Amino acid sequence: MAIQYWFAQGKQNKQRLLTLRNGYHGDTFGTMAVCDPDNGMHGMFEQVLAKHLFAPSPSCINDEDYADEDIAQFRQIISENHHEIAAVILEPIVQNAGGMHFYCPEYLRQVRALCDQYDVLLILDEIATNFGRTGTLFAYEQADICPDIICLGKSLTAGYMTLAVTMCTNKVAQGIAADGSGVLMHGPTFMGNPLACSVACESIDILLESDWQGQVKAIEQQLFDELLPYQNEDLVKNVRVKGAIGVVELHQPLDEQMAWLPEFIVDQGVWIRPFRNLIYIMPPYIISSDDLSRLTTAVGVIVKRLSS
Ligand SMILES: *Cc1c(COP(=O)(O)O)cnc(C)c1O
């Protein structure tokens, strides 16, 4: 969409993407090319993938600690390559599958300003953060910015049906239409599937009629209270919580020798899937406080079992 937009503006050199290290955007060929090239799961496809540009993962967690050096490399890459860059794509506020990494809204504001300055579209991949997960309906609201293109998915249908959505501003839509061809030339067979769309509409209605803000706040508080104590364990590097996301990061990755782990976790009566050096939980907003405690307790049991 972004590339076709620039094509229609007569800027046919703008065909590359700029993204962040530690990002994850999916498993198809287009998206594999913007996943982290080192920690991604797609190393074997390296030769086939498009070559895009990567800026460091944002390091600043709170706006108060933000410093100009946090955006310096991103700024340098965009200023040197903007003639070739169609869009920046990134996960706002939380980088998910690439490391459950949180970063500050100020970074996003800076990215938005640089995209405007250099005529680059901003694509926000909210697939993991959309519909309240980080405490706001969309994570980007925390930075008070607006993307040019946004990707929605996952909880869009509460997981009941497969559906994803790509939305854009009028500027992008009309920019594409301005060209003679006039339409986006991509339409898989089941695009706009009516069953999936009605599930999504119903799911969004249920969410918006609920007290999701109150629920996410309560989950956040409970995750803080019950996960933060694990910070003192030797194996644990960092415990962090944002909205209804709780993460326990270990110093060492879990490796093949831990083949016993999945069964051990199930034996605790919970489904938790650790990956690399991360044990994380993203519970549904309707979870009861008792069930959430069961999850956080299990995380503690896992950490202690790993330490022994
Ligand atoms: C899961 C995920 C995707 C992939 O979505 P699919 O619908 O499985 O292609 C993309 N981006 C982010 C941030 C995700 O978490």
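Reader: How many aromatic pairs does the structure hold?
Author: The structure holds eight aromatic pairs. Rings of Phe, Tyr and Trp (its six-membered ring) pair if their centres lie within 6.5 Å; planes under 30 degrees apart are stacked, over 60 edge-to-face and the rest tilted. One of the pairs is Tyr 5 with Trp 6, whose ring centres are 4.9 Å apart with planes at 75 degrees, so this pair is edge-to-face.

Reader: Is that a prediction or an experiment, and how are residues numbered?
Author: This is a predicted model, in which local features need pLDDT of at least 70 and side-chain atom pairs count only at pLDDT 80 or more, while totals for chains, interfaces and linings use all residues. Residues are numbered from 1 along each chain as its sequence is written, and side-chain values use heavy atoms, with hydrogens and water left out.

Reader: Back to Tyr 5: buried or exposed?
Author: Tyr 5 is buried at 7% relative accessibility, and Trp 6 is buried at 4%. Buried means under 20% relative accessible area, exposed over 50%, partly exposed in between (1.4 Å probe, protein chains only).

Reader: Which aromatic pair does Phe 29 form?
Author: Phe 29 pairs edge-to-face with Phe 45, at 5.7 Å centre to centre and 85 degrees between the planes. That pair links distant parts of the chain: Phe 29 is in helix α2 (residues 29-32) and Phe 45 in the loop between α2 and β2 (53-55), 16 residues apart. Helices (H or I, at least four residues) and strands (E, at least two) are DSSP runs, numbered from the N terminus. Phe 29 is partly exposed at 47%, and so is Phe 45 at 28%.

Reader: New topic. Which residues are around the ligand?
Author: Tyr 24, His 25, Gly 26, Glu 91, Asp 125, Ile 127, Ala 128 and Lys 154; each has a heavy atom within 4 Å of the ligand.

Reader: What does Asp 125 do there, in terms of distance to the ligand?
Author: A polar side-chain atom of Asp 125 lies 2.6 Å from a ligand nitrogen. For Lys 154, a polar side-chain atom lies 2.6 Å from a ligand oxygen.

Reader: And where is Leu 122?
Author: Leu 122 sits in strand β6 (residues 121-125). Leu 122 is buried, with a relative accessible area of 0%. Leaving aside neighbours within four places in sequence, Leu 122 contacts (heavy atoms within 4.5 Å) Val 88, Val 111, Arg 112, Cys 115, Ile 145, Pro 147, Asp 148 and Ile 149.

Definitions and conventions. A polar contact is a pair of N or O atoms within 3.5 Å; within protein, one must be able to donate a hydrogen and the other to accept it, and residues adjacent in sequence count only if both atoms are side-chain atoms.
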